[in-house]
Amino acid sequence: MYLPPHDPHVDDPMRFKPLFRIHLMERKCATVECMYGHKGPHNGHIQIVKKDEFSTKCNQTDHHRMSGGRQEEFRTWLREEWGRTLEDIFHEHMQELILMKFIYTSQYDNCLTYRRIYLPPSSPEDLIQPGLFKGTYGSHGLEIVMLSFHGKKAKGTKITGDPNIPAGQQTVEIDLAHPLQLPDIETLRDFSELSRMVLEVQEQVRREEQEREQRQEEQEHSQQAASQPASPLGGEGAEGEETAAGAEGTTQDKAPASQPFVLPTGVISRNEDYPRTCRVCFYGTGLIAGHGFTSPERTPGVFVLFDDDRFGFIWLELKSFSLYSRIKVSFQNAQAPSQEAFDEMLKNIQFLAT
């Protein structure tokens, strides 16, 4: 298992923790050992469910228990997973979230099902190399997000989740057709000014979507649709895409290599050591929800590209900032065989989470 570094140090390397091991004794004969807990390896079981899916089961879960009971187990988990002690955490809301995560993860006793995850395909047109990133999520700590590109959109999909947003959900979506030109550094410190800019773009995006839907409805009811079914829609769609792509390219070409960046006053960041310059910013939306993924909604925000390995997202409604740093572990045989296979995988993990 790969664990993120301790919150909020997103630039630190991932941590490695073995969960089980297999001893190959002879042909078609093997011994499986569970590595979970603090009492050494013990008897386990692995079963291949179907292609690209297998499950693990510990046969001696008493090896996971500690003499001090659940309280000692919780304190040990807190120290290993979070790098903290219970006395370090003063915020009641954070205590509640951490306890929920401990209860949720510890109840399975390493009886888990694993499904293959593909790394996203890359293209020369991508803003940066897609891949896996560590990100700060407030009181939830660090989580793993997969950044992928889909034409005029970029998506950040949660690989690890929390009590509010489970793994598999699309945590952020970046609209590459709507870049944002940040104001000067002093104006940027004013949260109300940034909010005004973002909400203006949100309204623009809403109008464009309405116009697009209206054009489609008009074309569907047009008497000429039967004789020329693809021409009007295809022409306008292609033109719109070229215009958006052209605008994006022009914006990035004209934008400076880097520009000063600072978080607006009042925006909370777990990591104050964020870069003070950025390359480009885009309008985006972030997914928020209550505990148990209740009342999910997409809210406006700002995607900030710092460099090839770091980006950020300002959650406007939460007045919060997430900083993401690339995971530089090399995973063998993890590339998707095709874009279609990768898109299908994204749909599947979102369906499983929902």
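Which strands each supply at least two residues of the lining of the largest cavity? They are strand S4 (29-34), strand S5 (42-50) and strand S6 (53-58). This is a predicted model, in which local features need pLDDT of at least 70, side-chain atom pairs count only at pLDDT 80 or more, and totals for chains, interfaces and linings use all residues. Residues are numbered from 1 along each chain as its sequence is written, and side-chain values use heavy atoms, with hydrogens and water left out. Strands (E, at least two residues) and helices (H or I, at least four) are DSSP runs, numbered from the N terminus.

**Cavity**

- The structure has one cavity of 30 Å³ or more; a cavity is a set of points on a 1 Å grid over the protein atoms alone where a 1.4 Å probe fits but cannot get out.
- The largest cavity holds about 40 Å³ of space, a volume being the space filled by probe spheres set on the points.
- Its lining (residues with an atom within 4 Å of a point) includes Phe-20, Val-32, Cys-34, Ile-46 and Asn-110.
- By type, the lining of the largest cavity has five nonpolar, four polar and two charged residues; Ala, Val, Leu, Ile, Met, Phe, Trp, Tyr, Cys and Pro count as nonpolar, Asp, Glu, Lys and Arg as charged, and the others, Gly among them, as polar.

**Nonpolar cores**

- A nonpolar core is a set of buried Ala, Val, Leu, Ile, Met, Phe, Trp, Tyr and Cys residues joined through side-chain atoms within 4.5 Å, where buried means under 20% relative accessible area, exposed over 50% and partly exposed in between (1.4 Å probe, protein chains only).
- The largest nonpolar core has 25 residues, and Phe-261, Val-302, Ile-314 and Phe-321 have the most contacts inside it.
- Helix H4 (191-221) gives the most to this core, with five residues.
- A second, separate core of 20 residues includes Leu-127, Phe-133, Tyr-137 and Phe-311.

**Aromatic pairs**

- There are 19 aromatic pairs in the structure; rings of Phe, Tyr and Trp (its six-membered ring) pair if their centres lie within 6.5 Å, with planes under 30 degrees apart stacked, over 60 edge-to-face and the rest tilted.
- Tyr-2 and Phe-331 are edge-to-face because their ring centres are 5.5 Å apart and their planes stand at 85 degrees.
- Tyr-2 lies in strand S1 (residues 2-3) and Phe-331 in the loop between S18 and helix H6 (339-353), so this pair ties together parts 329 residues apart in sequence.
- Tyr-2 is partly exposed at 40% relative accessibility, and Phe-331 is partly exposed at 33%.

Note on methods
1 Å grid on protein atoms, 1.4 Å probe; cavity = no way out; pocket = protein on both sides within 12 Å on 5 of 7 lines; lining within 4 Å.
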